[in-house]
Amino acid sequence: MDFDLTPRAKELYDRLQTFMDEKVYPAESVYEEQLAAAGIHEQPQVMEDLKAAARKAGLWNLFLPHATEWGGGLSNLDYAPLAELSGRSMIGPEALNCSPPDTGNMELLTMFGTDDQKAQWLAPLLDGTMRSAFLMTEPEVAGSDATNIACSIVRDGDDYVINGRKWWISGAADPRCRLGIVMGKTDPDAPTFRQQSMILVPFDSPGVEVVRDLLVLGYNHKAGHCEVTLTDVRVPASNILGSEGSGFEIAQARLGPGRIHHCMRSIGAAERALELMCRRAKSRIAFGRPLGDQGLVQKAIADSRIEIEQARLLTYHAAWLMDRHGNKVARAAISAIKVAVPAMASRVLDRSMQVHGGAGLSQDFPMAEAFARQRALRLLDGPDEVHLRTVARHEMARYADA
Ligand SMILES: Cc1cc2nc3c(=O)[nH]c(=O)nc-3n(C[C@H](O)[C@H](O)[C@H](O)COP(=O)(O)OP(=O)(O)OC[C@H]3O[C@@H](n4cnc5c(N)ncnc54)[C@H](O)[C@@H]3O)c2cc1C
């Protein structure tokens, strides 16, 4: 296995490093101030400025494995260190048009969209002029098992009529969210994995209502994690994504890359927390010497470095498998990192908060909010237990003779 960056990725990495140092980190406090003044779901001007600068620097849509006129064309392995770098800042991914849930939605439209669907929705998403949401989870049924999804999508002449209640829908509170990709049941009598379909729902359709915004451990996300109801929502039959009954197949295509991208960014969040931990340990004096002179603080730093390196190698390995053998073969490896990385990042963030004392839990440092995100990652895109099940089943399948 060769985890060396290709020359193109190395050049992009250096450019992104400069962009993060010169543009993104200095913009973080401005972003917070503008957001506080404008309202939590509004777009701060500084983000639009960052997006324009990223685009000009050729740092746009790096996540997209398919090359397009709007950028893209990197392997998963080449994207991994870039996503990690962007994940060091809460505002990094969006500045590069590489933030979820749009990234997964753009991949779906690239892979399964018709020419018309691409022109209407993919083009503005790749252009960064609109945002989107992915509506799968429902409050009434266990989302860990997507066969439970109850939202109905019923054919009526040239239309489909959609009824259902979804929640935890990331991005739905953003005023620029114009598209929802909805998963629901088109045929309750079909074989289990052919019952579901995905359909494109313009967010301004009559019957789509964003009911409320959910907080994550008390944090209100800028783009929102919302409860959304769909009541007799009527869309043209041509809005179906792929074909009727292909919802599961499409969901798998979406979630594989989405999961590894989360992990790449999480490693960046852990790296930043470790850097801050070291800086604090060297500058803060207690009991007559810097905190970093204490063996226990050194252990926190050393454990963090070891765990980050382990998690990064596991992630690179999964990326390498995806590039070399495809997302299906890499399934268990992706599940493994989806469990290992948020757990690792949570531990590192926790240690960093501890070394910072009270300050670490405040809004003056990025650890507390990042910690809430890592905690949520243990649930979103599949809870840990479901991924552990995938890893265990994959492992046991090797002993078919037993
Ligand atoms: C911040 C955030 C953002 C999200 N964004 C989106 C989004 O944009 N779109 C969307 O559709 N959804 C989104 N989700 C929803 C997320 O994907 C679901 O919460 C997740 O899939 C789990 O479904 P559930 O909440 O219904 O939990 P349930 O399915 O009710 O599961 C509850 C618990 O049961 C246990 N469990 C489940 N299966 C097993 C098993 N096989 N073995 C052992 N224990 C098990 C686990 O501990 C699990 O956490 C988001 C969630 C969060 C927190």
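Predicted model: local features only at pLDDT ≥ 70, side-chain atom pairs only at ≥ 80, totals over all residues.
So, which residue has a polar backbone atom 2.8 Å from an oxygen atom of the ligand?

Okay, the answer is Met-136. With Ser-144 the side chain takes part: one of its polar atoms sits 2.4 Å from a ligand oxygen. How much of the ligand does the protein bury? Taken alone, the ligand exposes 990 Å², and 70% of that is buried by the protein. Which elements give two or more residues to the shell around the ligand? They are strand S1, strand S3 (159-170) and helix H11 (384-397).

In total, 21 residues surround the ligand, and the closest are Phe-134, Thr-137, Gly-143, Ser-144 and Trp-168. If you sort the shell by type, you get 13 nonpolar, 5 polar and 3 charged residues.

Now let's look at strand S1 itself. It covers residues 131-135, and Ser-132 is part of it. Is Ser-132 buried or exposed? Its relative accessible area is 1%, so Ser-132 counts as buried, the cut-off being under 20%. Its side chain has polar partners in there. One is the side chain of Asp-102, at 2.6 Å. Another is the side chain of Asn-105, with a polar contact of 2.9 Å. Leaving out residues up to four places away in sequence, Ser-132 touches Pro-101, Asp-102, Asn-105, Leu-125, Ser-170, Cys-177 and Leu-179.

Pro-101 on that list deserves a stop of its own. You'll find Pro-101 in the loop between helix H4 (92-95) and helix H5 (102-112). The peptide bond leading from Pro-100 to Pro-101 is cis, with omega near 0 degrees. Why point that out? Because most peptide bonds are trans.

While we're on the backbone, there are two aspartates to show you. Asp-232 isn't a glycine, yet it has a positive phi of about 45 degrees. Asp-381 isn't a glycine either, and its phi is positive too, about 60 degrees. I mention them because most residues other than glycine have a negative phi. As for where they are, Asp-232 is in strand S7 (residues 225-236), while Asp-381 is in the loop between helix H10 (367-377) and H11. Asp-232 has a relative accessible area of 53%, so it counts as exposed, the cut-off being over 50%.

Next, aromatics. The structure holds 3 aromatic pairs. One of them is Phe-193 with Phe-248, edge-to-face, 4.9 Å from centre to centre and with 75 degrees between the planes. This pair links distant parts of the chain, 55 residues apart: Phe-193 is in the loop between strand S4 (177-185) and strand S5 (196-202), and Phe-248 is in helix H7 (residues 247-283).

Last stop: Ile-285, in strand S9 (residues 285-286). How far is Ile-285 from Gly-218, C-alpha to C-alpha? They are 32 Å apart in space, and 67 residues apart in sequence. Ile-285 is exposed as well, with a relative accessible area of 56%.

Conventions
Residues numbered from 1 in each chain as written. Heavy atoms only, no water. Helix = DSSP H or I, 4+ residues; strand = E, 2+ residues; numbered from the N terminus. Buried < 20%, exposed > 50% of the residue type's maximum accessible area, 1.4 Å probe, protein only. Polar contact = N/O pair within 3.5 Å; in protein donor to acceptor, adjacent residues only side chain to side chain. Contact = heavy atoms within 4.5 Å. Near = heavy atom within 4 Å. Areas by Shrake-Rupley, 256 points an atom, 1.4 Å probe, with all protein chains shown as cover. Nonpolar A, V, L, I, M, F, W, Y, C, P; charged D, E, K, R; others polar. Phe/Tyr/Trp six-rings, centres within 6.5 Å; stacked < 30°, edge-to-face > 60°.
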